Amino acid sequence: MKQITHWINGAPSTMKSERSGDIFNPATGHITGNVAFADAATVDLAVDAATAAFTTWRHSSLTKRTQVLFAFRELVQQNKEKIAALITDEHGKVLSDAAGEVTRGLEVVEFACGIPHLLKGGFSEEVSTGVDVYSIRQALGPVAIISPFNFPAMVPMWFFPVAIACGNTVVVKPSEKDPSATMFMAQLWKEAGLPDGVFNVVHGDKVAVDALLTHPGIKSVSFVGSTPIARYVYETGTKTGKRVQALGGAKNHMVVLPDADLELAADAAINAGFGSAGERCMAISAIVAVEPIASALVARIKSRMANIKTGDGTQGVDMGPLVTQVHRDKVASYIEAGAKAGATLVVDGRALEIAGDGFWLGPTLFDNVTPDMSIYKEEIFGPVLSVIRVDSYEAALALVNSHEYGNGTAIFTNDGGAARRYQNEVEVGMVGINVPIPVPMAYYSFGGWKNSLFGDSHAHGTEGVHFFTRGKVVTSRWLDPSHGGINLGFPQND
Ligand code: NAD
């Protein structure tokens, strides 16, 4: 049984924790470890370490920071398979998917390696005679990063490379369901030469989160998780004067216009609907089929679903288990509710049988879903696809825009003009055109609209640099040496 404790000031914490949580292997249903839960006193220690480290890290040269980032990048690259194995073991997603998330996280590290360029300020000469104005961006101090279970490596990596590159120190609170990837990366930071105290990890639940949200030493909070908690984190953190970006839940729509390539659209629906068992904030969960193609599309998706192999993520399958038994049962209850509400249950994932105690649920497809049903209105976060039939592009757009979430969306069409209208008219933060999971690259920023994001900064990219720094503008007037400066041969005033 592994015992996971906090990482404070460059070493595992020796503090005794009164509370702790079980870690499961979702494919077997067995408990594989235990993770200590931080109380307020433990959070204090982590913030103290981050505060002390900030006094020197903020003055480390851009060259030094870049060297550490490059070394960390190499170490993560070398250990990608080990990190992926840790993820699969605690989250359940298939190994290739786990390795994929490490790669996406690495791209943010690579982006942060360009920090000398990203932190360049502006300069205006002679705003008034003999007066210059310039801008600089400075680190905030110790910052908190609170992450969800579904991307235990990538989501913390959306934030900490940029935060550290900007000269901040961090306290990460990973999901208590799969904490090992973050702990492994803490060791890699140390190996990369990051000074102790710059990167700290505390584990736990609401107690640890509340201690971070109210701690006066924490200057900003980057949160990713479900919408009710994101809203709470935003409100609580901003009330105590912190800068907060809180990314929430999603209900991503894929609009399929009548002229779309239906084979491409069906492949996309399978990958984006059932990849990582639908436990992705960019998963497609609602397919808006613009008639007359709905039946043809449903038939294509259904036939492909028969080929999805579900099983232990280490065994070369397509889809793993759900993260916990509680979550598996919650997703199954949505299937029950959808069928009761009158949607057509085309494929019922509850029929899947796999021996053992894993948290299994097969891919599920509903047709004839209507906007009043809970399976349409709410985020399910499981392998459940709903098809909603509409008659026109306008009806599809109105449906997407009336949903409370606005994280990602996709449109499938061969009409460039229709795609262009959609990208302009849709009220969603990330849009894919014939691409089902439009995940921006590290040098663009990631984030949704409406109830998918509280705050105004998206993650990583230049918005990340902006979030993790404060602007300062300096107005300077240096008098000519003739006014009493050192004598360089200029005429002197009397
Ligand atoms: P969650 O909201 O349950 O947990 C997120 C974090 O908050 C965890 O670290 C958890 O320990 C903590 N937490 C849980 N309950 C809390 C409480 N009452 N008070 C304070 N902190 C609390 O989310 P999850 O189940 O881990 O992750 C899935 C959710 O995350 C989904 O809704 C998904 O859409 C969302 N998500 C969003 C994005 C995005 O970019 N918008 C990305 C990934 C995941």
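**View 1. Residues around the centre of the largest pocket.** Of the 42 residues that line the largest pocket, Phe149, Lys177, Gly225, Ser226 and Ile229 lie nearest its centre. The model is predicted, so local features need pLDDT of at least 70 and side-chain atom pairs count only at pLDDT 80 or more, while totals for chains, interfaces and linings use all residues. Residues are numbered from 1 along each chain as its sequence is written, and side-chain values use heavy atoms, without hydrogens and water. A pocket is an open set of points on a 1 Å grid over the protein atoms alone, where a 1.4 Å probe fits, with protein on both sides within 12 Å along at least five of seven lines; lining residues have an atom within 4 Å of a point.

View 2. Helix H8 (206-214), strand S11 (220-224), helix H9 (227-239) and helix H12 (325-340) each supply at least two lining residues; helices (H or I, at least four residues) and strands (E, at least two) are DSSP runs. Because domain 1 (2-248 + 452-475) and domain 2 (252-433) both contribute to the lining, the largest pocket lies between them.

**View 3. The second largest pocket.** Its volume is about 260 Å³. Among its 13 lining residues, Arg104, Phe151, Arg280, Ile437 and Val439 are the closest to its centre. Helix H4 (residues 95-112) gives the largest share of this lining, 4 residues. Domain 1 (2-248 + 452-475) and domain 2 (252-433) each provide at least three residues.

Technical notes: Domain bounds come from an automatic or database domain assignment. Grid points are joined across faces, edges and corners, and a volume is the space filled by probe spheres set on the points.
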